[in-house]
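User: I'm new to this one and would like a close look at a single part. Could you walk me through the salt bridges?

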Amino acid sequence: MKALIYLIFSVVLIAVSCTGRLPKEKAEILYFGGTILTMEDTAPQAEAVVLKNGKILFAGTKTEADRYTDDKTKIINLEGRVLLPGFIDVHGHFTSRAGMMQAIDLFPEPYGTVNSIEDLQNTIRKYLKDHSVPANQPVIGNGYDDAIMTEHRHPTRDELDAISKTNPIIVIHTSGHASVANTAMLKLLGISESSKDPEGGHYGRNKKTGKLNGKLEENASFSALLSLTEKMSKQTGNAQAQAMENLRESQDEWLSYGQTTICDGRTMGESVALLEKAASEHLFKADVVYFPDYEYFKKDLPAFKPKYMKYNNHLKLGGFKFSDDGSPQGKTAWLTQPYLVPPEGRSSDYKGFPIFTDQVLYDDLKTLFQNNITAQLHVNGDAAIDQALQVIGKLKEENIYRPELRATLIHVQNSRPDHIQKIKNIGVIPSYFSTHVYLWGDWHYSSVFGPERASFISPANSALQAGIIFTMHHDAPVTPPDLITAMYSAVNRKTRSGRILGPNERITPLQALKAITINAAYQLQEEERKGSIKKGKLADFVILDQNPLTIDPEQIRNIKVLETIKEGVSVYRRK
């Protein structure tokens with residue numbers, strides 16, 4: 001009898017003890033039934049994840065997860081699909097993409113169909129006809145790419161004049177660092193034969209005649225586009241309403257690519273006010289991190305400072321942007337050695353050009369770092385990388401730059417092996433535009449850098465071996481906001497012709513995934529709340545149709561985003 005009583009008492013004690021250990025909080029949603037990749041080294045996969053109030057309550061075994069449920073919990077079976085942290089965009093151009101929503105699409109393959117200058121002309125002619133564009137209305141095209149078009153050169157002013165002599169026409173290079181205008185557009189913008197190159201910019205001229213050929217590079221192009229935008233805004237009564245709608249469409253595009261955090265990597269002109277208005281109207285489903293152009297907004301630093309690293313209706317000031325040079329595929333990046341094939345009108349010793357003097361960059365970064373504000377520095381050519389490292393290195397020696405600020409080198413395309421240790425010693429983060437290998441690798445190999453330099457673009461594995469935290473980005477609208485292709489490119493290092501460009505710089509699919517999740521969260525100083533599936537972090541997820549870690553790496557580009565979830569709410573679902 002005593003034994004029976006003891007047994008009953010023990011069972012009761014165990015039951016009471018277990019009941020006491022039941023979680024007090026109950027889940028609103030439970031995901032299970034597929035592969036859950038956490039990006040956490042200690043527990044890289046989970047059987048289930050449970051959510052409440054937009055955050056992760058638990059990630060682990062299905063048995064443990066069930067203890068968080070009650071009759072109100074929504075149970076979602078992944079049915080074999082793959083759930084992982086939402087992708088984080090650390091460098092795109094959100095407002096630029098929105099501003100290009102009405103532009104004529106001039107992208108070549110694989111994202112478009114304009115593969116020659118004749119294609120470009122016919123595409124614009126068709127647009128003018130189909131939209132019954134008035135004879136004097138300005139027209140903008142975006143995305144032409146001389147690296148891929150059959151002529152391997154930029155269109156000319158005369159070739160755009162052949163489309164229309166009355167419509168002001170400007171076409172923007174895929175890099176965003178150059179454009180070409182016809183005669184009517186040059187007149188509208190007040191650019192004449194006597195116009196002198198702006199600082200950090202260049203007006204292209206015919207090598208034989210010395211006359212403008214319509215090409216605008218760097219600050220010449222940026223200034224022209226800002227001026228044109230202002231003129232067109234004044235002519236359009238519903239400009240702000242259209243801008244807001246464009247922003248919605250742009251956000252939907254990012255969400256369709258699985259990104260729950262969106263970056264505006266060089267906010268210019270009226271775009272800061274546009275973002276703030278959109279936030280105040282609760283337009284944003286994703287988090288938006290913006291980096292105003294410092295040279296444009298430096299006088300407004302005191303007004304920006306209170307907003308730094310603080311979300312307000314999903315909008316956060318993440319630092320400031322510096323564009324230190326141009327584009328390698330557009331041949332305006334600043335190199336220490338000449339381009340393999342100089343662009344038309346340039347001599348054989350042409351190396352591109354800088355945007356800032358050392359002193360200007362030093363003074364500006366010193367001001368920011370003294371205010372404990374970080375920066376993104378666009379550096380494509382090795383000379384621009386040298387300048388950034390030299391300036392930030394000097395500021396570190398002076399105890400003004402601290403690695404905790406996490407200043408970031410954006411693109412770092414024409415990197416050299418000696419840069420790797422310097423990057424580590426100074427304590428900056430390289431963010432690689434890895435898609436270059438796939439889209440422009442052949443162009444870099446045969447025209448821009450040559451085989452040796454081209455093989456070291458986006459050197460992710462060298463950074464990894466040195467113990468450097470690195471990220472990857474898509475630079476949209478240079479490409480669509482497509483981080484899956486960036487991952488494919490970093491893993492395979494295969495160009496469009498099938499050449500393996502720098503095989504030693506290949507990384508694993510897991511390493512590539514970390515670059516766009518947990519490492520990306522670290523770059524934006526949000527690793528405590530984003531980037532992995534862990535208790536207490538935001539329930540920001542993407543659901544894929546295939547597992548990047550187990551499929552043939554050659555098939556990574558074919559992975560599809562099925563759903564994007566922001567703080568537990570589905571914000572995109574593939575139809």
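Analyst: Here is a tour of the salt bridges, pair by pair. Keep in mind that this is a predicted model. Searching the whole structure turns up 34 salt bridges. As a bit of background, side chains of opposite charge can pair when their charged atoms come close.

Let's start with Lys-514 and Asp-41, whose side chains meet with 2.3 Å from N to O. This pair ties together distant parts of the chain, 473 residues apart: Lys-514 belongs to helix 19 (residues 509-515), while Asp-41 sits in the loop between strand 1 (29-37) and strand 2 (45-52). Lys-514 has a relative accessible area of 18%, so it counts as buried, the cut-off being under 20%. Asp-41, on the other hand, is exposed, at 62%.

Next comes Arg-499, which forms a salt bridge with Asp-442; their closest N and O atoms are 2.9 Å apart. Arg-499 is partly exposed, with a relative accessible area of 30%.

Lys-422 and Asp-418 form a salt bridge at 3.3 Å, N to O. Both lie in helix 14 (residues 417-426), 4 residues apart, or about one turn of the helix. Lys-422 is partly exposed at 38% relative accessible area, and Asp-418 is partly exposed as well, at 33%.

Finally, there's a network of salt bridges that links Asp-287, Lys-316, Glu-526, Arg-529, Lys-530, Asp-540, Lys-566 and Glu-567.

Note on methods
Residues numbered from 1 in each chain as written. Predicted model: local features only at pLDDT ≥ 70, side-chain atom pairs only at ≥ 80, totals over all residues. Heavy atoms only, no water. Salt bridge = Lys/Arg side-chain N within 4 Å of Asp/Glu carboxyl O. Helix = DSSP H or I, 4+ residues; strand = E, 2+ residues; numbered from the N terminus. Buried < 20%, exposed > 50% of the residue type's maximum accessible area, 1.4 Å probe, protein only.
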